[in-house]
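Welcome! Take a look at the model below, and then let us walk through it together.

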Amino acid sequence: MDEIIKIKHLRKVFGANEVLKDINFSVSKGEVVCIIGASGSGKSTLLRCLNLLEYPTSGEILYHGQNILMHNMSNAVYRAKLGMVFQQFNLFNNLSVLDNCVVGQVKVLKRDAKSARKTAMDYLELVGMSQFIKAKPNQISGGQKQRVAIARALSMEPEALLFDEPTSALDPELVGEVLKVMKNLARSGLTMLVVTHEMGFAREVANRVVFMDSGVIVEDDVPEVIFNNPSNERTRVFLRRVLEE
Amino acid sequence: MSAESTFFTWVYFIFENNWPLFLMGARNTLIISLTGTIIGFIIGILIGIIRTIPMDENTSIPAAIAYKITNFLLLCYIEVFRGTPMIVQAMVVFYGAAMLYNIHLSPIPAGIFIVSINTGAYMAEIVRGGILSVDKGQFEAAHSIGMTHAQTMANIVLPQAIRNILPATSNEFVINIKDTSVLSVISVTELFFMSKSVAGINYRYFEVFLITCIIYFIMTFTVTRILRYMEVRLDGPSAFTIHGSQTVPEAEIRIVGRDK
């Protein structure tokens, strides 16, 4: 299988706090991987390390076999290959919905404004936000913002898309519209790495589910095994607690 | 004739006979404060940008040292010019330039120079505050689509930071209109200086400075109104148009913003 990202012995320390301990993990092309686990287990930090929003303390991140922590590739070029969708949306507040999806293409990928607008419109259409291109981020709802954020990431045509708890900041009735978009993307064959608390989504869509606890990967398997027959006691305890709610 | 009528007669008389002097003073005040605020704003933006450059694990050691030194020098500039009165700065610069370097500045350029560097020191911290007030998520989102720090600042952060510091900037402008009066100590022919001359000629201080007062107020009030209007314009309309609905593709629906 074509491995896009492979992580070897990744560690991340904040002060005296070891948040990630010897993480080994990989994502292949076309895979949808969900990362689950309790708050503070290091899921988000792992995702942020992948995109270098946090710089790993030690270890290797191999992008198509090339270690990106060795300075032989600029962070900006690498980051453009991985899209990121944030819990708090982080749409650019000074730009309209359309310009949010255009600015990166023009400034980073050096596309001309016309083709960038076309690409942006295609993806905004895909997430059902093409009617709102003139709106500013503070004029639309949370679910709409997150769909625009997904379109913004897709407009860069990344090799993989990272989702950091994309539905956790949404009102319950808005979660569905975002999950629907994500399911469609997963079906279209996009490589996705999703940190989530939505167990239903993980069970239905994921090819692999990774369970993390206190900075280590406890279990990494297909959803059927993780949800129906987990081998580790910690996974069982976590799932029982989450699914009972 | 009552005292009041004499008073207003005097005010009218003085204004009628000396209005070209008041006008010239007001003009110079506006030129100095406007130019000074704009240059100070630019100085502030540049320093604010430099002082918020992030240093992280990837920064090389020489770059980090160079940055520390630059930052220290900028901090010295800010502290010195914020920590001393502008009237004293005016004396030091004007007479210092003449004594030490034999440069004889003409008063108005000297005045513009002093107001600019003084405003720059204040604006530097205002801009830095404006940049820091932009949500960290905006930086992260820009970095995540591959923008460099410079691209992030130019396209995402500065437009938001500048909008946020506009009220503080108009404040600086108003303060400058009033504080250029201290430049009379280096014989800049601004409004206060001209008023003193007029008062001296007529030997009427209260009447003259009442007129001066009114002129200052008209200038500051007009400036705040204009800047407020610019703020509103910059915010754009609170409504936006939806293009095409699911049933009628040609439809245009206006949505009026709720939070404004």
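Of the 260 residues of chain B, 43% count as buried, meaning under 20% relative accessible area with a 1.4 Å probe and protein chains only, while exposed is over 50% and partly exposed lies in between. This is a predicted model, where local features need pLDDT of at least 70, side-chain atom pairs count only at pLDDT 80 or more, and totals for chains, interfaces and linings use all residues. Residues are numbered from 1 along each chain as its sequence is written, chains are lettered from A and ligands numbered from 1 in the order in which they are written, and side-chain values use heavy atoms, leaving out hydrogens and water.

Chain B holds 8 helices and 2 strands (DSSP runs numbered from the N terminus: helices are H or I with at least four residues, strands E with at least two). Along the sequence, the pattern of chain B reads α-α-α-α-α-α-α-α-β-β. One of its helices, H3, contains B:Ile87. B:Ile87 counts as partly exposed because its relative accessibility is 35%.

Now to chain A, where 6 strands make an open, mixed sheet in the order E6-E7-E8-E3-E9-E10 (strands pair if DSSP finds at least two bridges between them). E6 and E10 of chain A are the edge strands, each pairing on one side only. Here are some strands of that chain:

| Strand | Residues |
|---|---|
| E6 (chain A) | 82–85 |
| E10 (chain A) | 216–221 |
| E3 (chain A) | 32–36 |
| E9 (chain A) | 208–213 |

E3 and E9 of chain A run parallel and are joined by 4 bridges. A:Ile35 stands opposite A:Val210 in E9 of chain A.
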